[in-house]
Amino acid sequence: MNDMTLIALYAFAGAAAAGLAGAGVLRLTRHRSLTVSLAVVVAVAVTAMFAGTLAVAQAMFLSAHDLSVVTTVVAMAAVVSMITALLLGRWVVARSHELAVAARSFGDGGDFTAPDAPATAELAAVSRELAATSARLAESRMRERALESSRRELVAWISHDLRTPLAGLRAMSEALEDGVATDPQRYLRQIRTEVDHLNDMVGDLFELSRIHAGALALSLSRMSLYDLVGDALAGADPLARQHGVRLVGDLVEPVPVEVDGKEMSRVLGNLLVNAIRRTPADGTVAVSAERSGDGVVLSVTDGCGGIPEQDLPRVFDTGWRGSDARTPPAGAGLGLAIVQGIVEAHQGRATVHNIVGGCRFEVTLPAARV
């Protein structure tokens, strides 16, 4: 075995002993500050070099002078390395503390603002992720506040809408019970009408609760939009005649779609009822369906005069019914929220925008697979 091999073995043995001791120290201090870990790593490196050098020096029988020179060089390198490690550790710890303080701010309900001081690439990546998380949390808080506001508004509308028919039902039932009703049959017909109205309201609430709970089960089948629109127009025709509104469905292409027929009929019915009630007498409600780059677009256009721009983002909110001038005598502001929920369950989207003299509701659905 030549001299270089022996030197390598002695150096490795000394360095390995120092490395094993350093690994034990790192394990004991793994929950301490990063500064301590960096100091231990530097100490292990210097000690490993010193142990290897000392082992080689003993094997080669260096003079005491040569050994002291080597020891002095290693000691000076150790001092400089330790100071550098401590400074680096304190800098990284300071940046981490600044990042923790900034993260605490958006955890308490504020917005995250990244520290201005420079940081390592890893800390900068963490800062970017925290900023993205802060933005998502802010959006979530805004949605939660909007949802809470719409819920309070819904409770107020429902309470009002329930109180009126219930009061009427109580008065009519008391009149029938006391025998003071001059036309009992008319009272009975009115009671039936009010009960149907309450039943529709409860049905809307049940449907909306299923949508919000994600429990809306769809039974998809392939059908033509032409047939779907035709059935919806036929169902809405009596209400249109009552309000003196003309229904037009000439621009409906026979486009195939894969939808739940019952739920999509409810979507079209809600849109048509909403349009008819908001269109003045002698006005027109038009339905069209055509292919588009995104799939299939089904639109309902009315003559309501338009929706205020500030209200457009809230049209599909639960409980929204617009201004008093636009609020119909029936309904609790659930129809359009149900429309959006059903359409989104079909992987589509519902939108609204103003046009000249009215507004247009558009439902975009995926095209049927060939």
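## A tour from the sheet to the helices

Begin by selecting α7, which lies across β2, β4, β5 and β7 (358-365) and runs at about 175 degrees to β7; contact here means heavy atoms within 4.5 Å, and angles run from 0 to 180 degrees between N-to-C directions, with axes as lines fitted to C-alpha atoms, for helices over the stretch in contact. Helices (H or I, at least four residues) and strands (E, at least two) are DSSP runs, numbered from the N terminus. This is a predicted model, in which local features need pLDDT of at least 70 and side-chain atom pairs count only at pLDDT 80 or more, while totals for chains, interfaces and linings use all residues. Residues are numbered from 1 along each chain as its sequence is written, and side-chain values use heavy atoms, with hydrogens and water left out.

**The sheet.** Next, select the 5 strands of the open sheet, whose order is β2-β4-β5-β7-β6 with mixed pairing; two strands pair if DSSP finds at least two bridges between them. At its edges you will find β2 (246-252) and β6 (349-355), each of which pairs on one side only. Ignoring direction, neighbouring strands of this sheet are turned by 20 degrees against each other on average. Now pick out β4 (residues 284-292) and β5 (residues 295-301), which pair in the antiparallel sense over 7 bridges, and look for Ser 292, which stands opposite Gly 295 in β5.

**Helices α6 and α7.** To see where they meet, show side chains including Leu 228, Ala 232 and His 243 in α6, and Met 264, Leu 268 and Arg 277 in α7. The residues of this contact of α6 with α7 divide into 12 nonpolar, 3 polar and 1 charged; Ala, Val, Leu, Ile, Met, Phe, Trp, Tyr, Cys and Pro count as nonpolar, Asp, Glu, Lys and Arg as charged, and the others, Gly among them, as polar.

**Helices α5 and α8.** Move on to α5 (residues 184-212) and α8 (residues 335-345), which pack at an angle of about 35 degrees with their axes 10 Å apart. Here Asp 204, Glu 207, Leu 208 and Ile 211 in α5 meet Ala 337, Ile 338, Gly 341 and Ile 342 in α8.

**A last stop.** Finally, select residues 67-88, a span that is 100% helix and 0% strand, with end C-alpha atoms 31 Å apart.
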